[in-house]
Amino acid sequence: MSIRELHQQIIDALEQGDFVGPIEKFYAEDVVVQSNDDPPATGRDAIAAAERNNVEGVTALHGIKVQATAFDDQGEGSGVVFYECEMHWEHTDRPKVDINQTVVERWKNGKIASIRFYGDIHL
């Protein structure tokens, strides 16, 4: 399956409000995740647990909108996906969350080996 098809499965899940499922399904066991200049987080299980904890407080999801996507598909489930998106939701700890970000997914053998988020989070 191409990384374009794999990536679209992630976007489809996010549009349905499933933020943990794509981590469990598409992140490599030793994935590295980083937001802006924050220290990187490692390990699929730890990242999924943190995301599960975060989404428990979501009270309303107002959607995700992908504006642009670019693919460097190197075959066999490997390559890089770049995309811009907006996400909006409400949370028990933060009544209004607006995220505008660019995401870089680095794929290897059908799994995301690393993912980096660049952008603004407006709480």
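1. Start with Q101, which is found in strand β5. Strands here are DSSP runs of E, at least two residues long, and helices are runs of H or I, at least four residues long; both are numbered from the N terminus. This is a predicted model: local features need pLDDT of at least 70, side-chain atom pairs count only at pLDDT 80 or more, and totals for chains, interfaces and linings use all residues. Residues are numbered from 1 along each chain as its sequence is written, and side-chain values use heavy atoms, with hydrogens and water left out.

2. Is Q101 buried or exposed? Q101 is buried, at a relative accessible area of 12%. Buried means under 20% relative accessible area, exposed means over 50%, and partly exposed lies in between (1.4 Å probe, protein chains only). Leaving out residues up to four places away in sequence, Q101 touches Y83, E84, C85, M87, F117, Y118 and G119. Contact means heavy atoms within 4.5 Å.

3. D98 is also in strand β5. D98 is buried, with a relative accessible area of 16%. What does its side chain meet? The side chain of D98 makes a polar contact with the side chain of H88, at 2.5 Å. A polar contact is a pair of N or O atoms within 3.5 Å; within protein, one must be able to donate a hydrogen and the other to accept it, and residues adjacent in sequence count only if both atoms are side-chain atoms.

4. Now the strand pairing. β4 and β5 run antiparallel, joined by 11 bridges. Two strands pair if DSSP finds at least two bridges between them. H88 stands opposite D98 of β5. A hairpin of 5 residues links β4 to β5. On the β3 side, strand β3 (residues 58-75) pairs with β4 in the antiparallel sense, over 14 bridges. Here H88 of β4 is the bridge partner of G63. The hairpin of β3 and β4 has 2 residues between the strands, and in it E76 takes a positive phi near 55°.

5. Next, the nonpolar core. The largest one has 27 residues. A nonpolar core is a set of buried Ala, Val, Leu, Ile, Met, Phe, Trp, Tyr and Cys residues joined through side-chain atoms within 4.5 Å. Y27, V33, M87, W107, I112 and I115 have the most contacts inside this core. The elements giving two or more residues to the core are α1 (3-15), α2 (21-26), β1 (27-35), α3 (44-55), β4 (78-91), β5 (97-108) and β6 (111-122).

6. What does W107 touch? Neighbours within four places in sequence aside, W107 is in contact with I3, L6, H7, I10, F26, G77, S78, G79, V81, I112 and A113.

7. Helix α1 has 13 residues. From first C-alpha to last, α1 reaches 18 Å, close to the 18 Å expected at 1.5 Å a residue. The expected span is 1.5 Å times one less than the number of residues. The buried residues of α1 are I3, L6, H7, I10, I11, A13 and L14. Seen down the axis of α1, they fall within an arc of 160°, so they line one face of the helix. The arc is that of the directions from the helix axis to the C-beta atoms. Just after α1, G17 takes a positive phi of about 85°.

8. Last, two loop residues. N36 lies in the loop between β1 and β2 (41-42). Phi of N36 is near 45°, a positive value in a residue other than glycine. N36 is partly exposed, at 30% relative accessibility. N109 is in the loop between β5 and β6. Phi of N109 is near 55°, again positive in a residue other than glycine. N109 is exposed, at 57% relative accessibility.
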